Amino acid sequence: MIRLLVALFLCVVSVAPAFAVNPDEVLADPALEARARAISAQLRCMVCQNQSIDDSNAELAKDLRLLVRERLKSGDSDEAVIAYVVSRYGEFVLLNPRFEAKTLVLWGMPVLLLVLGALTLVVAARRRGARPAGAPLSDDEKDELDKLLRP
């Protein structure tokens with residue numbers, strides 16, 4: 001019985017994002033609907049922030065989905081629809097930010113951090129290897145060490 005409940009729960013959870021787009025939002029033209037879904041998958045829900053508007057049940061996400069569909073019905077290209085939404089909400093609305101001069105820091109920071117980390121490791125390894133060896137033990141110190149190490 002528990003296995004059945006767990007299986008049912010997993011089935012419901014796995015299709016939960018499919019319930020985000022309401023039937024009244026779906027366009028009659030399958031090609032336009034496919035384009036709308038593709039665009040919606042690229043846009044971030046400003047309420048949830050870790051979901052696309054296609055997966056979110058928030059009211060703002062619904063409004064954005066309707067906006068995308070209206071723009072597509074009016075004849076806008078996919079790029080024009082995305083540009084319109086970005087002009088209203090900023091670059092943050094894109095789940096995958098564009099590679100531009102203003103996002104260069106965002107894209108370059110992981111590489112920069114990796115290079116800095118590697119340089120830090122190299123410098124630390126060189127400093128560790130460059131340490132001079134201590135002065136050799138005197139005869140008295142050797143005798144004392146031998147006494148300590150004997151059982």
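Where is the place of Leu-137? This is a predicted model, and in it Leu-137 sits in the loop between α5 (104-129) and α6 (139-149). Its relative accessibility is 43%, so Leu-137 counts as partly exposed. Leaving aside residues up to four places away in sequence, Leu-137 touches Lys-142 and Leu-145.

The next topic is helix packing. Two packed helices are described by the angle between their axes and the distance between the axes. For helix α2 (residues 30-40) and helix α3 (residues 59-73), the axes come within 10 Å and cross at roughly 135°. An angle over 145 degrees would count as roughly antiparallel, and 65 to 115 as roughly perpendicular; α2 and α3 are therefore oblique to each other. Their crossing is right-handed. On the α2 side, the residues that meet α3 are Leu-32, Glu-33, Arg-35, Ala-36, Arg-37, Ile-39 and Ser-40. On the α3 side they are Arg-65, Val-68, Arg-69, Leu-72 and Lys-73. Sorted by class, this contact of α2 with α3 has five nonpolar, one polar and six charged residues.

Helix α3 also packs against helix α4 (residues 78-89), at an angle of about 140° and with the axes 9 Å apart. By the cut-off of 145 degrees for roughly antiparallel, α3 and α4 are therefore oblique to each other. The crossing in which α3 passes α4 is right-handed. From α3, the contact is made by Leu-60, Leu-64, Leu-67, Val-68, Arg-71 and Leu-72. From α4, Asp-78, Val-81, Tyr-84, Val-85, Arg-88 and Tyr-89 take part. The residues of the contact of α3 with α4 divide into nine nonpolar, no polar and three charged. Val-68 and Leu-72 of α3 are named in the contact with α2 and in the contact with α4.

The cysteines remain. How many disulfides does the count come to? A disulfide is a covalent bond between the sulfur atoms of two cysteines. With a pair of cysteine sulfur atoms required to lie within 2.5 Å, the count comes to zero disulfides. Cys-45 is in no disulfide, and its nearest cysteine sulfur, that of Cys-48, is 3.5 Å away. Likewise, Cys-48 is in no disulfide, with the sulfur of Cys-45 as its nearest at 3.5 Å. Cys-45 has a relative accessible area of 1% and is therefore buried, whereas Cys-48, at 29% relative accessibility, counts as partly exposed.

Note on methods
Residues are numbered from 1 along each chain as its sequence is written. This is a predicted model: local features need pLDDT of at least 70, side-chain atom pairs count only at pLDDT 80 or more; totals for chains, interfaces and linings use all residues. Side-chain values use heavy atoms; hydrogens and water are left out. Helices (H or I, at least four residues) and strands (E, at least two) are DSSP runs, numbered from the N terminus. Buried means under 20% relative accessible area, exposed over 50%, partly exposed in between (1.4 Å probe, protein chains only). Contact means heavy atoms within 4.5 Å. Axes are lines fitted to C-alpha atoms, for helices over the stretch in contact, and angles run from 0 to 180 degrees between N-to-C directions. Angles under 35 degrees count as roughly parallel, over 145 as roughly antiparallel, 65 to 115 as roughly perpendicular and the rest as oblique. A crossing is left-handed if the near helix is turned anticlockwise from the far one by less than a right angle, and right-handed if clockwise. Ala, Val, Leu, Ile, Met, Phe, Trp, Tyr, Cys and Pro count as nonpolar, Asp, Glu, Lys and Arg as charged, and the others, Gly among them, as polar.
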